[in-house]
Amino acid sequence: MPQNDRVSLPPRQYTLLTGADVSAITLQNLSYSSDVWIIAAEDATPPTSTAAGIRLEPGSLRTLTLADIWLGITPVRIFAWSEQRAELFVSHA
């Protein structure tokens with residue numbers, strides 16, 4: 001299902017950002033002081049680490065094409081994680 005909205009992230013929890021399979025996503029970290037890690041997965045199972053994630057610094061905006069960034073897997077779902085409470089703008093088709 002397409003999305004174009006803000007998503008609140010609780011601290012230290014993986015939050016699923018996509019309710020269906022996606023191939024690209026645009027994200028903006030709306031937080032002032034918290035980095036957000038974006039992690040791709042092959043299904044809706046939450047990740048166990050941010051090691052393979054992309055870091056979004058406060059205020060940063062990124063458009064990610066999943067197949068171009070996560071080459072070792074066939075990613076279709078996106079999760080976010082933050083040390084502190086954070087807010088993202090999320091847009092995908």
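Reader: Why is tryptophan 81 called buried?

Author: Its relative accessibility is 16%. Buried means under 20% relative accessible area, exposed means over 50%, and partly exposed lies in between (1.4 Å probe, protein chains only). Tryptophan 81 therefore counts as buried. The model is predicted, so local features need pLDDT of at least 70 and side-chain atom pairs count only at pLDDT 80 or more, while totals for chains, interfaces and linings use all residues. Residues are numbered from 1 along each chain as its sequence is written, and side-chain values use heavy atoms, with hydrogens and water left out.

Reader: How many aromatic pairs does the structure hold?

Author: It holds one. Tyrosine 14 and tryptophan 81 form this pair, with 6.4 Å centre to centre and 40° between the planes.

Reader: What makes tyrosine 14 and tryptophan 81 a tilted pair?

Author: Rings of Phe, Tyr and Trp (its six-membered ring) pair if their centres lie within 6.5 Å; planes under 30 degrees apart are stacked, over 60 edge-to-face, and the rest tilted. The 6.4 Å and 40° of tyrosine 14 and tryptophan 81 therefore make a tilted pair. The two residues are 67 apart and the pair links distant parts of the chain: tyrosine 14 is in the loop between β1 (3–9) and β2 (15–16), and tryptophan 81 is in strand β7 (residues 77–82). Strands here are DSSP runs of E, at least two residues long, numbered from the N terminus.

Reader: Why is tyrosine 14 called partly exposed?

Author: Because its relative accessibility is 26%, tyrosine 14 counts as partly exposed.

Reader: What makes β2 and β5 edge strands?

Author: The open sheet has four strands in the order β2-β7-β4-β5, with antiparallel pairing. β2 and β5 (54–56) each pair on one side only.

Reader: How do you know that β4 and β5 pair?

Author: Two strands pair if DSSP finds at least two bridges between them. Strand β4 (residues 36–41) and β5 have three bridges, in the antiparallel sense, so they pass the cut-off.

Reader: Why is threonine 63 called exposed?

Author: Threonine 63 is exposed because its relative accessibility is 54%. Threonine 63 is in strand β6, where it stands opposite threonine 26.

Reader: What makes the link between threonine 63 and threonine 26 a polar contact?

Author: A polar contact is a pair of N or O atoms within 3.5 Å; within protein, one must be able to donate a hydrogen and the other to accept it, and residues adjacent in sequence count only if both atoms are side-chain atoms. The side chains of threonine 63 and threonine 26 meet at 2.9 Å.

Reader: Is arginine 77 buried or exposed?

Author: Arginine 77 is buried, because its relative accessible area is 16%. Arginine 77 lies in strand β7. Its side chain makes a 3.1 Å polar contact with the side chain of aspartate 21 and reaches the backbone oxygen of alanine 20 at 3.5 Å.

Reader: Why is serine 31 called buried?

Author: Serine 31 counts as buried because its relative accessibility is 10%. It lies in the loop between β3 and β4, and its side chain reaches the backbone nitrogen of glutamate 87 at 3.0 Å.
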